[in-house]
Amino acid sequence: MPIYEYQCAACASKFEALQRINADNQDLICPICGAPEPTKVFSRFASLGVEKGAACETGST
């Protein structure tokens with residue numbers, strides 16, 4: 001199950017919730033103020049990888 005980030009419309013606090021992919025947020029409440037139905041926030045993520053054009057060193061010639 002993925003972890004989604006939510007933001008409360010009432011108090012603007014952000015929190016995370018472990019939810020099924022198909023689940024809606026109707027049963028969620030804000031853990032700070034108790035307001036129902038927070039808004040899902042689309043989080044940014046970073047990916048580390050090999051730069052384009054970088055050579056792999058395998059030890060073979």
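**View 1. The open sheet of three strands has the order 2-1-3, with antiparallel pairing.** Its edge strands are strand 2 (14-18) and strand 3 (39-41), each of which pairs on one side only, and from one strand to the next the twist averages 45°. Strands, like helices, are DSSP runs numbered from the N terminus (E and at least two residues for strands, H or I and at least four residues for helices), and two strands pair if DSSP finds at least two bridges between them. The model is a predicted one, in which local features need pLDDT of at least 70 and side-chain atom pairs count only at pLDDT 80 or more, while totals for chains, interfaces and linings use all residues. Residues are numbered from 1 along each chain as its sequence is written, and side-chain values use heavy atoms, with hydrogens and water left out.

**View 2. The protein chain as a whole contains zero helices and three strands.** Read from the N terminus on, its elements run β-β-β. Of the 61 residues of the protein chain, 21% count as buried, where buried means under 20% relative accessible area, exposed means over 50%, and partly exposed lies in between (1.4 Å probe, protein chains only). The accessible surface of the protein chain comes to about 5,500 Å², and 53% of this surface belongs to carbon and sulfur atoms; such areas come from the Shrake-Rupley method with a 1.4 Å probe, and for residues only the protein chains shown count as cover. Among contacts between residues at least 6 apart in sequence, 23% join residues at least 24 apart, a contact being heavy atoms within 4.5 Å.

**View 3. Strand 1 and strand 3 run antiparallel and are joined by three bridges.** Across this pair, Glu 5 stands opposite Val 41 in strand 3. In general, the strands of a sheet pair through backbone hydrogen bonds, either parallel or antiparallel.

**View 4. Ala 12 and Ser 13 are found in the loop between strand 1 and strand 2.** Phi of Ala 12 is near 65°, a positive value in a residue other than glycine, and Ala 12 is partly exposed because its relative accessible area is 48%. Ser 13, by contrast, counts as buried because its relative accessibility is 16%. When its neighbours within four places in sequence are left aside, Ser 13 is in contact with Tyr 6, Gln 7, Cys 8, Cys 30 and Ile 32.

**View 5. Met 1, Ile 3 and Leu 18 make a nonpolar surface patch of about 360 Å².** Patches are made of residues with over 30% relative accessible area and no salt bridge, with like charges joined within 9 Å and nonpolar side chains (Val, Leu, Ile, Met, Phe, Trp, Tyr) within 5 Å; a salt bridge is a side-chain nitrogen of Lys or Arg within 4 Å of a carboxyl oxygen of Asp or Glu. Ile 3 belongs to strand 1 (residues 3-7) and, at 56% relative accessibility, counts as exposed.

**View 6. Arg 20 and Glu 37 both lie in the loop between strand 2 and strand 3.** Arg 20 counts as exposed because its relative accessibility is 61%, and, not counting residues up to four places away in sequence, Arg 20 touches Met 1 and Tyr 4. The C-alpha atoms of Arg 20 and Ile 3, which are 17 residues apart along the chain, are separated by 8.6 Å. Phi of Glu 37 is near 50°, a positive value in a residue other than glycine.

Notes. Axes fitted to C-alpha atoms, helices over the stretch in contact; angles between N-to-C directions.
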